[in-house]
Amino acid sequence: MKKTKTSNYLILLLLLFFIVTPIATVFLRAIIIDGRLNFSQAVQLIFTKENLLTIKNSLLLGILVVIFASLIATPLGFIFTKSRLAKYKWLEIIFMIPFMTPPYILSMGWILFCQKRGLFQQIFPATGNFSEKFFSLFGLVMVMSLHIFPFMTNIIKNSIGNISANMDESAKISGAGLGYRLRKIIFPLLTGNYAIGMLLVFIKTLSEYGTPATIGRRIGFIVFTTDIHRYATVAPISFGKAASLSSILVIICMIMRMVQNRVTEKNTYNLVGQKSARTKDMNHPVIFDVLAVIYLVILIIFSIGIPYFSIIATSLINLRGYGLKAGNFTGKHYVDLFQNRSAAKRALITSFGLGAATAIICAIIGTFIVVSLYRQGKWKKYLENIAILPEMIPNIVFVIGLMIFWNKIYNVMPLYNTLGFMVLVYSVMFLPFTIQYVSSSFLQMGDNLIQAAKISGASRAYTFRKVILPLIAPSISSAAMMTFIISFRELVASSIISPPNVMTVSTFITSEFEQGSVSVGMAMAVVCVLITTSLLIIINVLNNRRNIK
């Protein structure tokens with residue numbers, strides 16, 4: 001019992017120091033002016049004309065992305081559940097590609113396609129400057145929606161799949177047409193889950209940095225994340241202003257999450273597990289399937305085809321001035337990435353090192369937290385809630401909090417502005433992934449084997465080594481691989497906290513893109529996507545084999 005309390009206090013101390021304190025630092029930095037608490041002046045600084053425009057732009061962008069993503073995802077959800085195409089499960093995997101691709105890479109693909117003398121104008125010269133109309137709020141919303149719609153699709157698909165066919169058939173027997181059944185039965189049952197998806201998409205949009213940083217800056221559309229990044233990285237640096245905007249962003253996100261929880265409690269219907277519940281495809285004419293195929297093809301072209309074509313084609317172009325002409329293609333840009341002293345090779349090595357270190361640290365600490373809190377009641381609930389706070393807070397806000405806090409204690413712990421600090425930030429940010437993976441596996445395991453080991457006189461260390469660890473090892477490895485993937489391509493933290501002359505894959509890509517060496521940057525983007533996609537395929541294959549066993 002004494003060991004249990006000691007481990008609980010140790011976990012609490014670590015979480016308070018590495019998670020709670022940095023978040024609290026953001027709020028304190030926003031209201032402490034000239035060394036004193038000054039709420040009135042803090043409010044005046046927050047609600048300046050410039051900041052009000054940023055808040056307005058962010059909220060407008062969030063609302064528009066929710067609308068566009070819903071318009072894209074809703075038909076897709078019905079196609080994947082109620083059409084004759086629902087049996088082709090590989091389609092669902094294809095439509096996860098946009099969501100798994102770093103948004104800044106998708107954005108760069110669209111920029112290369114639509115910019116002046118871009119790929120679109122080279123392929124269709126008669127269209128003039130039509131493609132340049134993409135650089136507008138509509139283009140920004142479209143790209144962000146094309147990245148986030150798979151998330152909304154998955155929520156809608158699962159909701160539709162849980163609706164019993166009995167309700168629909170009862171209405172049909174009563175003479176109700178398809179339109180009436182959709183309007184009076186299907187859509188009302190989807191309202192709760194759609195509201196949850198809508199709120200989550202809104203939060204993700206407000207937290208996104210990559211697309212606003214690439215497309216938004218080009219059109220002068222400033223949002224929370226780009227403004228916070230500017231205050232924290234561009235001279236004159238102002239952590240106070242960055243903290244003020246971060247505080248507003250956190251408050252908005254937390255309010256939306258509270259609303260989401262409220263909606264979940266009040267508007268989610270219990271449609272699973274009913275005695276007579278069963279699902280069945282809707283009867284519809286073949287023309288609906290024809291239209292579904294057309295819709296899927298168009299969506300694949302816009303969400304995957306255009307950005308990936310632009311990225312791959314640009315990475316192979318020798319001289320950009322000649323564009324898409326025979327004989328103007330080369331693989332030298334890929335060779336340049338792996339030269340002995342190239343910045344690209346150093347960036348790859350740095351990202352691999354950061355990803356591996358983060359994955360190992362998160363696996364060890366996350367597993368320790370989950371196993372230590374086994375059967376701890378309230379301790380487990382409270383400590384796990386603190387541990388997953390980084391997942392609820394926008395990454396850029398959390399990075400700002402860690403920067404301010406560790407900068408303040410630099411004289412005591414001189415870790416700030418080093419590679420070690422990058423590992424620390426990554427580990428704290430992505431710890432929730434490991435905790436959730438391992439916790440889910442631990443709960444499914446049950447406690448019969450653990451209790452049997454205790455009765456047999458096994459120590460806690462022996463029980464963990466011989467019973468628990470072999471059973472949760474697959475989840476730990478999956479969590480580690482996912483952590484590696486996310487860390488490997490992370491942009492916002494790398495762009496803010498990288499020490500001088502240190503580049504990661506993401507910062508290398510954005511730097512080459514901004515400096516005009518677009519082909520080399522896109523070659524790196526292709527390598528990044530290939531590495532992360534290959535690892536995701538490996539994870540899925542291993543999980544499928546595990547489920548079969």
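Tyr416 and Phe421 are both buried (under 20% relative accessible area with a 1.4 Å probe and protein chains only; exposed is over 50%, and partly exposed lies in between). The model is predicted, so local features need pLDDT of at least 70 and side-chain atom pairs pLDDT 80 or more, while totals for chains, interfaces and linings use all residues. Residues are numbered from 1 along each chain as its sequence is written, and side-chain values use heavy atoms, without hydrogens and water.

Rings of Phe, Tyr and Trp (its six-membered ring) pair if their centres lie within 6.5 Å; planes under 30 degrees apart are stacked, over 60 edge-to-face, and the rest tilted. The count by this rule is 24 aromatic pairs. Trp110 and Phe302 form a stacked pair, because their ring centres are 6.1 Å apart and their planes stand at 25 degrees. Trp110 belongs to helix H6 (residues 103-114) and Phe302 to helix H14 (residues 286-316), so the pair ties together parts 192 residues apart in sequence; helices are DSSP runs of H or I with at least four residues, numbered from the N terminus. Trp110 is buried at 5% relative accessibility, whereas Phe302 is partly exposed at 35%. Tyr416 and Phe421 make an edge-to-face pair, with 5.3 Å centre to centre and 70 degrees between the planes.

Ring pairs also join Trp110 and Phe302 into a cluster with other residues, including Phe113, Phe120 and Phe124.

A charge sits over a ring if NZ of Lys or CZ of Arg is within 6 Å of the ring centre and within 35 degrees of the ring normal.

| Charged residue | Ring | Distance from ring centre |
|---|---|---|
| Lys204 | Phe151 | 5.0 Å |
| Arg230 | Tyr231 | 4.6 Å |

Definitions and conventions. Helices (H or I, at least four residues) and strands (E, at least two) are DSSP runs, numbered from the N terminus.
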